[in-house]
Amino acid sequence: MFDLFKIGIGPSSSHSVGPMRAAEMFLTELKQKNQIDLVVKVEVDLYGSLALTGIGHATDIAVLMGLQGEVPDEIDPAAVAGKLKVIREQHQLFLAGKRWIPFIEKENLHFHRKTFPQGHPNTLRFRAWASHEADQPLAEATYFSIGGGFVIQEGFEGKAIEHPASAVPFPFNSAAELLKLAEENRCGISQIAWENEKAFRSEAEIRAGLQRIWEAMQACVERGCRNEGILPGGLNVRRRAPSLFQTLSERPEANMRDPLNILDWVDLYAIAVNEENAAGGRVVTAPTNGAAGIIPAVLCYFDRFCPESTPEKIQQFLLTAAAIGALYKKNASISGAEVGCQGEVGVACSMAAGALTEVRGGNPRQVEEAAEIGMEHNLGLTCDPIKGLVQVPCIERNAMGAVKAINACRLALRGDGSHFVSLDRVIRVMKRTGADMSSRYKETSRGGLAVNISEC
């Protein structure tokens, strides 16, 4: 639950949250070996998608902040610009928040745009020296940012799962196993997720954590509806959420004449979150930053427009979404650089569809069907951000994903849960589709909309 939903900073979970965490891991290793006070020089190498879209995704900034000891869930987004200015003007970096060392970006931070490592398309390497004259580094480590803010150190791939399945009372590796557990125990999918979470923390801690996530989502929506201006990066994309919020709020009676007006609110919630993400604000990775608006939008829709909404139902929504997201994380990918945007927006849509179905009274098979519909109609979705920015088409894509999730829920609730394609099968197909997809359409900005900006 709390691995999939992380409170972090925009604009990208794999390209900013992940690299910042990787820097934290490297510093931690230096501290554990009592080497941190010996370091006089650090170099960072970015490969694959991190190199190709790193500037637009603020990978460079995330790495610099991480080397200064910042962590994604605690960093103040408003303070980043000031700290970055000091590094770039004084050519010094406050290593681990302890002491200054020389750092010139063009000499110490390298973008290897033509190198695609075998381990993962999001690869970065840190090296630290105890002497400016030394040929060999004091320490070095390579990391893979595998999506959703998850990071694996090279050589430790087999130890990536922090919580072994054997430690939980209801382990599952597939949707079929999850359905069987729910039916045998005559409970919803959220209850299975709840019991498994209890293996690692108290009920009070789980409730507090869920509430913290929900509050962070709501706060992000509110900021997005309030903050005006142009998004950074050079595309001159104007924030739309504030004006849309004002329009929808000013004449509620007139808006009620349109039976589809609720969808405008859903669009607003999703756009507000992703404009905040694009601006480097605080968001909840759900399950990635690029798709961070879908689950909050659908959850806000449920909370504000559905009579079934209660605080307990909000928590059930998040638990169900996490159980579905775990299936994709384990059996496929949530990395746009690995499988395209189907692994981000598609997975978020699937998670939201299934979760909404449970809290609206659907049985486990209807939940599984809604989740399957949510992904089936996102298969093949490419990741082709213009100028490497998480703006076009990413912001609108979240609005579309949220609406798809709601419709998938409605389709599932109109049936009895019987359907032709299983969730497990669609997850396998999504993984294969990602493997077949050209790298041009997997967060490299070398294909699709990213290379047709003359008309935009």
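From which domains does the lining of the largest cavity draw at least three residues each? I shall answer that first and then turn to the other spaces in this structure, which is a predicted model.

The lining of the largest cavity takes at least three residues from domain 1 (12-153) and at least three from domain 2 (175-441). The volume of this cavity is about 140 Å³. Its lining consists of 18 residues, and those nearest the centre are G290, E344, C383, V390 and C394. Two helices, α1 and α17 (394-413), each contribute at least two residues to that lining. In terms of class, the lining of the largest cavity comprises seven nonpolar, seven polar and four charged residues.

How many cavities of 30 Å³ or more are there? The count is two, and I therefore move to the other member of the pair, the second largest cavity, with a volume of about 60 Å³. Residues lining the second largest cavity include A175, L178 and L179, together with I189, I324, L327, V367, E368, A371 and L423. At least two lining residues come from each of α6 (175-184), α13 (311-331) and α16 (364-376). Here the division by class is nine nonpolar, no polar and one charged.

Let me now turn to an open space. The second largest pocket holds about 460 Å³. It is lined by 25 residues, and P11, A58, I61, P232 and G280 lie nearest its centre. Three helices, α1 (13-32), α3 (59-67) and α4 (80-90), each supply at least two residues of the pocket lining. By class, the pocket lining has 18 nonpolar, six polar and one charged residues.

Finally, I come to the packing of α1 against α3. How are these two helices oriented, roughly parallel or roughly antiparallel? Their axes are 8 Å apart and meet at an angle of about 30 degrees. Angles under 35 degrees count as roughly parallel, and α1 and α3 are therefore roughly parallel to each other. The crossing of these two helices is right-handed.

Key: Residues numbered from 1 in each chain as written. Predicted model: local features only at pLDDT ≥ 70, side-chain atom pairs only at ≥ 80, totals over all residues. Heavy atoms only, no water. 1 Å grid on protein atoms, 1.4 Å probe; cavity = no way out; pocket = protein on both sides within 12 Å on 5 of 7 lines; lining within 4 Å. Points joined across faces, edges and corners; volume = space filled by probe spheres on them. Helix = DSSP H or I, 4+ residues; strand = E, 2+ residues; numbered from the N terminus. Nonpolar A, V, L, I, M, F, W, Y, C, P; charged D, E, K, R; others polar. Axes fitted to C-alpha atoms, helices over the stretch in contact; angles between N-to-C directions. Parallel < 35°, antiparallel > 145°, perpendicular 65-115°, else oblique. Left-handed = near helix turned anticlockwise from the far one by under 90°. Domains from an automatic or database assignment.
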